[in-house]
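Subject: Handover of a structure

Dear colleague,

Please find below the structure that I am passing to you.

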Amino acid sequence: IAAGIYFYVELPALNIRKGTKLILEKNYEEGLKYFKKGAMHKRIKPYTKLRYAFLELKYGDIKEAKKIISLIINDAFVDKKIKYEAKGVWALIAFIEGDLDEAQEVADNLYKKNYRTTDVYCTLGYIYNVVKTPEQAIEFNKEAMEYNPDKAVIKDNLAQAYYLNGDYDM
């Protein structure tokens, strides 16, 4: 009986580990299946479900990612920080789906709530390069560089903003 209980308790973590290993081996479809089995277990924390949604967004099914993100955002018991992270992924989904207005609105709301993370700066920086004036994009991406000068995406966003502004030497 003890072995059965241990197996039940550890099975979600084992599935997540196996899924992670398969994804690292570029076996995305099989890896996502295992990761989902583990992540969607009722005892698994929302952050792991968020990781699963992001993996679906990156390697799998955007509709599945959207469904999981919606569950996290609408769960009254999920910590505010996790909800903010989920909203950041929601902004990415909106961007990928071509809804730039929603992507910008969601990311702007996170920023206005003083929720500053590298991911928010990366997402907003890219969106601003598309929807704002080059000058506005440069100012925002400079701020992002101050926040995290080592992140390649932030550097790329700033370089793109300069390029779009005609500053080819920056």
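How are α8 and α9 oriented to each other? Before the reply, please note that this is a predicted model.

The axes of helix α8 (residues 134-147) and α9 cross at roughly 155° and come within 9 Å. An angle over 145 degrees counts as roughly antiparallel, and α8 and α9 are therefore roughly antiparallel to each other. The crossing in which α8 passes α9 is left-handed.

On the α8 side, the residues that meet α9 are P134, A137, I138, N141, K142, A144 and M145. Their counterparts in α9 are I154, K155, N157, L158, A161, Y162 and L164. Sorted by class, this contact of α8 with α9 holds ten nonpolar, two polar and two charged residues.

The overall architecture

The protein has nine helices and zero strands. Read from the N terminus, its elements follow the order α-α-α-α-α-α-α-α-α. Along the principal axes, the C-alpha atoms fill a box of roughly 70 × 35 × 30 Å.

The contact of α6 with α7

Helix α6 (residues 100-112) packs with α7 at an angle of about 135°, and their axes are 10 Å apart. With this angle, α6 and α7 are therefore oblique to each other. Their crossing is left-handed.

From α6, the residues L100, A103, Q104, A107, D108, L110 and Y111 take part in the contact. They meet V120, Y121, L124, I127, Y128, V130 and V131 in α7. By class, the contact of α6 with α7 comprises twelve nonpolar residues, one polar and one charged.

The largest pocket

The volume of the largest pocket is about 540 Å³. It is lined by 20 residues, of which F54, L92, D119, C122 and T123 are the closest to its centre. Two or more lining residues come from each of α3 (46-59), α5 (80-96), α7 (118-131) and α9 (152-164).

Which element gives the most to the lining of the largest pocket? That element is α7, with six residues. By class, the lining of the largest pocket consists of twelve nonpolar, four polar and four charged residues.

With kind regards

How values were computed: Residues numbered from 1 in each chain as written. Predicted model: local features only at pLDDT ≥ 70, side-chain atom pairs only at ≥ 80, totals over all residues. Heavy atoms only, no water. 1 Å grid on protein atoms, 1.4 Å probe; cavity = no way out; pocket = protein on both sides within 12 Å on 5 of 7 lines; lining within 4 Å. Points joined across faces, edges and corners; volume = space filled by probe spheres on them. Helix = DSSP H or I, 4+ residues; strand = E, 2+ residues; numbered from the N terminus. Nonpolar A, V, L, I, M, F, W, Y, C, P; charged D, E, K, R; others polar. Axes fitted to C-alpha atoms, helices over the stretch in contact; angles between N-to-C directions. Parallel < 35°, antiparallel > 145°, perpendicular 65-115°, else oblique. Left-handed = near helix turned anticlockwise from the far one by under 90°. Contact = heavy atoms within 4.5 Å.
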